2 protein chains.
Amino acid sequence: MSKKAAGDARLTAALRESAAAVERAIDTLLPLPEGGEARLLEAMRYATLGGGKRLRGFLVMETAKLFSVSPTCAARVAASVEMLHAYSLVHDDLPAMDDDDLRRGKPTCHRAYDEATAILVGDALQCRAFEVLSEHDTHSDPLVRADLVCALASAAGARGMVGGQMIDMLAADKALSPPEITRLQTLKTGKLIQYSAEAGAILGRAPAAHRHLLAAYGRDIGAAFQIADDILDVESTSEELGKAAGKDQASGKATLVSVLGVERARAHATMLAEQAAAHLDHFGENADLLKALARYMVTRRN
Amino acid sequence: MSKKAAGDARLTAALRESAAAVERAIDTLLPLPEGGEARLLEAMRYATLGGGKRLRGFLVMETAKLFSVSPTCAARVAASVEMLHAYSLVHDDLPAMDDDDLRRGKPTCHRAYDEATAILVGDALQCRAFEVLSEHDTHSDPLVRADLVCALASAAGARGMVGGQMIDMLAADKALSPPEITRLQTLKTGKLIQYSAEAGAILGRAPAAHRHLLAAYGRDIGAAFQIADDILDVESTSEELGKAAGKDQASGKATLVSVLGVERARAHATMLAEQAAAHLDHFGENADLLKALARYMVTRRN
């Protein structure tokens, strides 16, 4: 087995292991209640458990290891960012937004339940994400908990993810320039990925310089991830993706792929992945999996 | 002027003054940005500024005074709970939920903008509420900030407000017993009102016994408030309320008013208001306005 193949196998195993740990954490953090709101919790579990790459969760788990943070604490933060991400998918899939029927190979939440339930599921998942971060079990130092809440809220709000989604809705069939596309994607998906990479440093009370390196890494793999996603949308089938494929082209949506073409977009993503990996040189071998992840962003098939 | 009339005038003035302070805080905390997301911030301001009784904000401001908390800090927490409340109204008004056209005498958010924008406005307002609580300016002690986040999330999530809304949607035209109605309303509106009354104690790092008194006060006025709201729905016009009136009856919704009749429901609310006021005896004259508020809950006209 070549060194690269061995590295890929190690990354794939680590991704699987981390995803299972995050899945267990979500399962514990979203127990089924009795009473009328059981349907709500059941739908929250439907929207968060059983699938997804858990990329954001993996970033939290792996960056936390760099600072010897307890995996139990890291898994709570990973679960929380995955709940936040899941809420955004549930709301983005709604008829008034992207109107999607398929997500992670299953009917979207409003299809499996109904629209009102899906709105409430998203609302409650966002709330639970912040609650988990603020609870004592996440970290004994309340400053760490408050910082985690503040950083997540900043990444997920009007100046982050939700702001990006708003720009995306408004831009539906407009021609955007590459800088405009990059800004939209930075807000819509980049900020949350960057937060996930920084979370380990926050949990580990790392020096500011280390947190900045991880933020830079997160920014670059976030951008690479988005370009790779747009390439997959062009080159894959819906079956491979577990969600609708070819949507960007059909809807006339501007992406770096539509503006630069697949090959130049791929070259740009590869450059970003290398740049992301370079930010982690300081951490030596401990960051090998995170570096492998950066390259995997560009070569992944779903 | 009788003692009661003087007390009422003092309460009305205090409500007006507190509402203006909360309004100014929201105005500062939601500045208009440049760029594509300007529409989002503009709609967030539309949904939160310019009206509303600011009952929850008043509770934060007044309970904070009991513990000599800085009004600037209290106003941030008051603004945050009003943003959380506003988000819940924006989502409750959506076509897939209550499908309302009028709120605080203005077109609802999805009517003034569109459905996608209204979904995002609610999402971003919830996020901003937690962000404001977690920021250093809210309190220099990070434990206070983490506690504020945790208590708000617990009141607003699947085991609180959103859970209550889910039960409400499922109960749409079912006959409910008085205990079932009470539980629904405790979750849907009671928990957030209780949080608002407790917030002053959290900000003031008050002894647990004081916090429990305020929680008990909050629970009772929350229940009284809801019954009064249901009575107003029966007895007022849409013009007086600034939102649709007579809705509960038209939709066959079970309320304590529909089950007990207006007079017995009013008597129950009056008892709850007296009980609420009694919890505050410990605080002496400092709690006079909060006691007056409890009684005002039952006598208010909108």
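In which hand, left-handed or right-handed, does H4(B) pass H6(B) in their crossing? The question is taken up here within a predicted model, for which the predictor gives the complex an ipTM of 0.93 and a pTM of 0.93. In chain A the pLDDT averages 91, and 95% of the residues score at least 70. Among the elements of chain A, the highest mean pLDDT, 98, belongs to helix H7 (residues 142-156), whereas the lowest, 67, belongs to helix H11 (residues 238-241). Where pLDDT is low, the predicted coordinates should not be read in detail.

The crossing of H4(B) over H6(B) is left-handed. The axes of helix H4 (residues 71-92) of chain B and of H6(B) come within 8 Å and cross at roughly 160°, and the two helices are therefore roughly antiparallel to each other. On the side of H4(B), the contact is formed by B:Arg76, B:Val77, B:Ala79, B:Ser80, B:Met83, B:Leu84, B:Ala86, B:Tyr87, B:Val90 and B:His91, and these meet residues of H6(B) that include B:Ala118, B:Val121, B:Leu125, B:Ala129, B:Val132 and B:Leu133. By class, the contact of H4(B) with H6(B) comprises 13 nonpolar, four polar and two charged residues.

H6(B) also takes part in the contact between the chains. That contact takes 43 residues from chain B and 43 residues from chain A. On chain B, helix H2 (38-48), helix H6 (115-134), helix H7 (142-156) and helix H8 (161-170) each supply at least two residues of the side that touches chain A, and the largest share of that side, twelve residues, comes from H6(B). The residues of chain B on this side divide into 26 nonpolar, eight polar and nine charged. Of the interface residues of chain B, 100% are also interface residues in chain A, so the copies meet through the same surface. Chain B is superposed on chain A by a rotation of 180° with 0.0 Å of shift along its axis, at an RMSD of 0.0 Å; the two copies are thus related as by a two-fold rotation axis.

H8(B), another of the helices that supply residues to the side of chain B touching chain A, is also paired within its own chain. The axes of H8(B) and helix H9 (residues 178-203) of chain B come within 7 Å and cross at roughly 150°, which makes H8(B) roughly antiparallel to H9(B). H8(B) passes H9(B) in a left-handed crossing. In this pairing, B:Met161, B:Gly163, B:Gly164, B:Gln165, B:Ile167 and B:Asp168 of H8(B) meet B:Leu184, B:Leu187, B:Lys188, B:Lys191 and B:Leu192 of H9(B), and by class the contact has five nonpolar, three polar and three charged residues.

A further helix pair of chain B is formed by helix H10 (residues 208-235) and helix H14 (residues 262-279), whose axes come within 8 Å and cross at roughly 155°. H10(B) and H14(B) are therefore roughly antiparallel to each other, and their crossing is left-handed. The contact draws on residues of H10(B) that include B:Leu213, B:Ala216, B:Tyr217, B:Asp220, B:Ile227 and B:Val234, and on residues of H14(B) among them B:Val262, B:Arg266, B:His268, B:Leu272, B:Gln275 and B:His279. The residues of the contact of H10(B) with H14(B) divide into 16 nonpolar, three polar and three charged.

Key
Residues are numbered from 1 along each chain as its sequence is written. Chains are lettered from A and ligands numbered from 1 in the order in which they are written. This is a predicted model: local features need pLDDT of at least 70, side-chain atom pairs count only at pLDDT 80 or more; totals for chains, interfaces and linings use all residues. Copies are superposed by least squares on the C-alpha atoms of residues with pLDDT of at least 70 in both. Two residues are in contact if their C-beta atoms, placed from the backbone, lie within 7 Å. Helices (H or I, at least four residues) and strands (E, at least two) are DSSP runs, numbered from the N terminus. Ala, Val, Leu, Ile, Met, Phe, Trp, Tyr, Cys and Pro count as nonpolar, Asp, Glu, Lys and Arg as charged, and the others, Gly among them, as polar. Axes are lines fitted to C-alpha atoms, for helices over the stretch in contact, and angles run from 0 to 180 degrees between N-to-C directions. Angles under 35 degrees count as roughly parallel, over 145 as roughly antiparallel, 65 to 115 as roughly perpendicular and the rest as oblique. A crossing is left-handed if the near helix is turned anticlockwise from the far one by less than a right angle, and right-handed if clockwise. pLDDT is the predictor's confidence in each residue, from 0 to 100.
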